[in-house]
Amino acid sequence: MLSKITTLANGLRIITSSRPEFETVSLGIWIKTGSAFETEDMNGISHFLEHMVFKGTTSRSALEISEQFEDVGGQSNAYTAREFTSFYAKMLKGDVELAIDILADLITNATFPEDELVKEQEVVVQEIKQTIDTPDDIIFDFLQEQAFPNQPLGRTILGPAEKVRSFDKETLRRYLSSNYAGEDMVVCAVGNIKHEDFVKMVEKRLGKIQPKTNFTPAKQEYKGGFYAEKRDIEQVHAVLAFEGVKYDCDSYYPCMVFSTIFGGGMSSRLFQEIREKRGLVYTVYSFANSHTQTGLFGIYAGTTNKELKELMPVICEEIRKIRDFKVTEKELKRAKTQLKASMLMALESSSSSAEVLARQLLLFNRIIPVEEMVERVEKVTTEDVQNAARQIFSSMPTYTLVGDIDGHPEYDEIKRLINQQS
């Protein structure tokens, strides 16, 4: 996947990957900011800003923004994560300039009309309430808060309702000017596109955006802890997590292989032991989330109150097994094949490719060749996997529960079960 990169005078980077056999182009603007960059009194503003820029600019109304994309059959959307915000689109090859014109317009000329602001506050509050009412969503907010207490990384992306209702036009403008800057932005296009043409389109519209801000991201420090919330529902949703690895850690690829072996699919240890052999759950999996300064490795399971008492000791037993004894060569080979296939399949999608390229440039200031990623996966050994497991499970656990939790295994008991010798 050959790509070209141009850096504008203001530090904004433009990357393209030409695929002339396509009839479409996936493109977007990625900004290195999100909820992990917010102060406590501004929690939720990154996400609310992402909503509000679509409510009108100096040259387009909210309806015109939607119509201009859809009149040409294009698709557009946006998202806010903890450390990234993205505005993206997919268009026919002849409509790329229209797309970048609209996307650039959103972040340079948003007007934040008062009537739309009030309405969108209530829309986002409804989104917050929906998340709260969805136990297998809200448990991950509880998890993040316990793992990273009293710091931006531990707060929710959506923010609390009272904060969202407090944001006004001037607050949005200040946040936009303090967090959106050329050096922290990447514009990416993948598909039937010529690099030089795309650079001209972007420079015309974003070449004068401020180069940098004085903003300094907050420290990210894993702590661990326990939180349980009783709810009158049929299931118990449980997450047991530990400190993971940051993006640029040497253990990143071993950790990904380890997670695949441990709980990454139907052949994984957790799935086979907990669902297939014991029938304790419908859903169980592990996950490895990386951030710029730290990470989070976790295990999620949904079960009933009765099975929870057996489930958690079994999870702890599986933790001890993979920590204290090497995985097999067969497991290692299968996990590496799964990871490589997943990476390569994702890169066949122009939208996924654009996401990967933009994030790599923001995180590492370079594009990591596919061959290098495959090679780093291939180099992982059984010893590397066991070392990753030992590193992760040596940290303080974070244990969160939502649902019918009466009689649940206590936090101290979980710690004891994890730390005992196999």
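Two strands are taken as paired if DSSP finds at least two bridges between them. Helices (H or I, at least four residues) and strands (E, at least two) are DSSP runs, numbered from the N terminus. The structure is a predicted model, in which local features need pLDDT of at least 70 and side-chain atom pairs count only at pLDDT 80 or more, while totals for chains, interfaces and linings use all residues. Residues are numbered from 1 along each chain as its sequence is written, and side-chain values use heavy atoms, with hydrogens and water left out.

On this basis, five strands form an open sheet of mixed pairing in the order S7-S11-S8-S10-S9. Strand S7 (225–230) and strand S9 (283–290) each have a single partner strand and stand at the edges, so one side of each is left without a neighbour in the sheet. From one strand to the next, the twist averages 10 degrees. Six bridges join S8 to strand S11 (residues 398–403), and this pairing is antiparallel. Within it, Ala 238 has Leu 401 of S11 as its bridge partner.

Helix H16 (residues 411–419) lies across S7, S8 and S11, at about 55 degrees to S8. Axes are lines fitted to C-alpha atoms, for helices over the stretch in contact, and angles run from 0 to 180 degrees between N-to-C directions.

Strand S8 (residues 236–243) contains Val 239. Val 239 counts as buried because its relative accessibility is 0%; the classes are buried under 20% relative accessible area, exposed over 50% and partly exposed in between (1.4 Å probe, protein chains only). With residues up to four places away in sequence not counted, Val 239 touches Ile 139, Phe 140, Leu 143, Phe 287, Ile 299, Tyr 300, Thr 398, Tyr 399 and Thr 400. Ala 354 lies 115 residues from Val 239 along the chain, with 31 Å between their C-alpha atoms.

Phe 112, with phi of about 50 degrees, is placed in the loop between helix H3 (96–108) and helix H4 (114–132). Phe 112 is buried, at 0% relative accessibility. Asn 365 has a phi near 60 degrees and belongs to the loop between helix H13 (350–364) and helix H14 (370–378). In this case the residue is exposed, as the relative accessible area of Asn 365 is 56%.

Key: Contact means heavy atoms within 4.5 Å.
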